[in-house]
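I opened my notebook to record what I looked up in this model.

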Amino acid sequence: EEHLYQGMVEKLPRKKNSQKLDHKAVKDLEEAAVSPQGDIFLISSHNKMKNDKAEVKGHHLLRLRINSAAQVESLVSRPGKDLFLGLPEEVTASLGQKAAGEADPANFDIEGLAWHPDGDLLLGLRSPLLGSNAVILRVHDVEAVFAKPDEAMVVTLEAKLDLQGLGVRGMCYDALSGGYWLIAGVSSNPGGSEVSKKRPWALWFWNGRADKKRMKKKKKMQQS
């Protein structure tokens with residue numbers, strides 16, 4: 001995703017007066033998604049690394065529009081703090097708190113992003129888990145998210161999925177089946193316990209509803 005974004009920012013011709021955002025100011029891009037209209041969305045992890053002094057500085061939800069002449073029509077971003085402030089209470093409560101009493105972004109990590117046919121975006125979390133379930137969030141009315149940057153983002157808890165203790169490490173919408181493919185992997189950071197390192201990766205199909213009968217594990221994926 002970072003190479004995709006860098007290439008678009010540096011190499012594609014830009015329409016006059018289109019916004020420019022230095023790719024070096026956007027860090028830790030995790031996932032990309034495309035709408036039926038061709039809009040390209042990218043998202044950072046929104047995770048505060050140990051050596052970061054700022055909270056979620058450099059993290060963004062981005063929308064790229066490319067016109068028929070292969071020019072960047074527009075580039076719009078919403079900073080990470082906007083998303084973080086809109087998180088559902090159940091999620092923020094699971095993050096732990098800093099000394100100031102605010103939710104700690106060090107325990108928050110987005111690794112999945114997918115288009116929703118209602119014009120929304122779904123976010124798959126690597127962490128936190130809620131209990132042992134992976135978390136899917138919905139960002140509502142994506143058009144308004146970028147058209148009205150001064151308004152609060154509406155983010156709701158879409159689903160809690162039983163991925164056998166794993167978090168979401170990647171996801172995409174499958175228009176033919178009307179559901180989502182999920183890559184599941186360890187929720188903790190790579191330096192976690194030896195037990196978590198031995199857990200397999202897995203490919204799941206989710207029908208887009210909180211219906212366990214339609215959660216199907218497709219294949220174990222070996223961790224290299």
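**Ground rules.** I am working with a predicted model, where local features need pLDDT of at least 70, side-chain atom pairs count only at pLDDT 80 or more, and totals for chains, interfaces and linings use all residues. I number residues from 1 along each chain as its sequence is written, and side-chain values use heavy atoms, with hydrogens and water left out.

**The sheet.** I took helices (H or I, at least four residues) and strands (E, at least two) as DSSP runs, numbered from the N terminus. Strands pair if DSSP finds at least two bridges between them. In what order do the four strands of the open sheet run? I read β1-β2-β3-β4, with antiparallel pairing. β1 (29-34) and β4 (72-79) stand at the edges with a single partner strand each, so one side of each has no neighbour in the sheet. Neighbouring strands are turned by 15 degrees against each other on average, direction ignored. The axes here are lines fitted to C-alpha atoms, for helices over the stretch in contact, and angles run from 0 to 180 degrees between N-to-C directions.

I then checked one pair. β2 (residues 40-44) and β3 (residues 60-66) share four bridges, antiparallel. I43 has L61 in β3 as its bridge partner.

**L75.** I found L75 in strand β4. L75 counts as buried because its relative accessibility is 0%. Buried means under 20% relative accessible area, exposed over 50%, partly exposed in between (1.4 Å probe, protein chains only).

**Cores.** A nonpolar core is a set of buried Ala, Val, Leu, Ile, Met, Phe, Trp, Tyr and Cys residues joined through side-chain atoms within 4.5 Å. The largest has 26 residues, and L83, F108, L121, L123, L137 and V139 touch the most other members. β2, α2 (80-85), β5, β6 (120-127), β7 (134-139) and α4 (142-147) each supply at least two of its residues. A second, separate core of 16 residues includes A114, L122, I136 and M171.

**E111.** Buried or exposed? E111 counts as buried, because its relative accessibility is 7%. E111 lies in strand β5 (residues 109-116). I looked for polar contacts (N or O atoms within 3.5 Å; within protein, one able to donate a hydrogen and the other to accept it, and residues adjacent in sequence counting only if both atoms are side-chain atoms). The E111 side chain makes one of 3.4 Å with the side chain of R126. Another, of 2.7 Å, joins the side chains of E111 and R169.
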